[in-house]
Amino acid sequence: AVVSTQSTGHNPKYFPEPTKFDPDRFSPENTKQRPNAAFKPFGIGKRICPGHRFASVEGALCISAVLRKFKIGLVEGQKIEQVYGVVTHPSKEIMVTLTERQ
């Protein structure tokens with residue numbers, strides 16, 4: 001059995017306006033209001049991804065290194081469409097701009 005993290009992470013019952021960018025939905029207060037398994041991008045239980053801790057730390061370090069030096073923005077006029085599956089991805093490349101911080 002495969003459980004799509006896309007379907008659980010976009011369930012409006014637990015995530016109002018699921019396509020809206022809202023970092024506050026992962027605040028400690030909001031996280032307490034939904035079931036533990038509502039959002040588990042690396043899986044849960046015995047079959048959790050063995051590299052989930054490493055991936056989380058590495059991702060945070062890489063993003064912080066880039067954000068320290070650059071401001072990131074989307075190229076205007078893009079329409080971003082998602083392709084759903086076991087791993088969700090955009091249908092086309094997402095173009096961004098990097099502006100060096102002063």
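The side chains of Lys79 and Glu81 meet in a salt bridge, with 3.7 Å from N to O. The structure is a predicted model, and a search of the whole of it finds one salt bridge. Side chains of opposite charge can pair when their charged atoms come close. The two partners fall into separate accessibility classes. Lys79 has a relative accessibility of 62% and therefore counts as exposed, since the exposed class begins over 50%. Glu81, at 41% relative accessibility, counts as partly exposed.

The aromatic residues come next. Three aromatic pairs turn up when the whole structure is searched. One of them joins Phe15 and Phe26: the ring centres are 6.3 Å apart and the planes stand at 45°, so this pair is tilted. Phe15 counts as buried, because its relative accessibility is 1% and the buried class covers values under 20%. Phe26 has a relative accessibility of 42%, so this residue counts as partly exposed.

Phe26 also forms an aromatic pair with Phe39. This pair is tilted too, with 5.0 Å centre to centre and 55° between the planes. Here the link is between distant parts of the chain: Phe26 is in the loop between α1 and α2, while Phe39 is in the loop between α2 and α3 (52-69), 13 residues apart. With a relative accessible area of 36%, Phe39 is partly exposed. Taken together, Phe15, Phe26 and Phe39 form one aromatic cluster.

Phe26 leads on to the largest pocket, as Phe26 is among the lining residues that lie nearest the pocket's centre. The element that gives the most to the lining is α1, which supplies three residues. Sorted by class, the lining has six nonpolar residues, six polar residues and three charged residues.

Key:
Residues are numbered from 1 along each chain as its sequence is written. This is a predicted model: local features need pLDDT of at least 70, side-chain atom pairs count only at pLDDT 80 or more; totals for chains, interfaces and linings use all residues. Side-chain values use heavy atoms; hydrogens and water are left out. Rings of Phe, Tyr and Trp (its six-membered ring) pair if their centres lie within 6.5 Å; planes under 30 degrees apart count as stacked, over 60 as edge-to-face and the rest as tilted. Buried means under 20% relative accessible area, exposed over 50%, partly exposed in between (1.4 Å probe, protein chains only). Helices (H or I, at least four residues) and strands (E, at least two) are DSSP runs, numbered from the N terminus. On a 1 Å grid over the protein atoms alone, a cavity is a set of points where a 1.4 Å probe fits but cannot get out, and a pocket is an open set with protein on both sides within 12 Å along at least five of seven lines; lining residues have an atom within 4 Å of a point. Ala, Val, Leu, Ile, Met, Phe, Trp, Tyr, Cys and Pro count as nonpolar, Asp, Glu, Lys and Arg as charged, and the others, Gly among them, as polar. A salt bridge is a side-chain nitrogen of Lys or Arg within 4 Å of a carboxyl oxygen of Asp or Glu.
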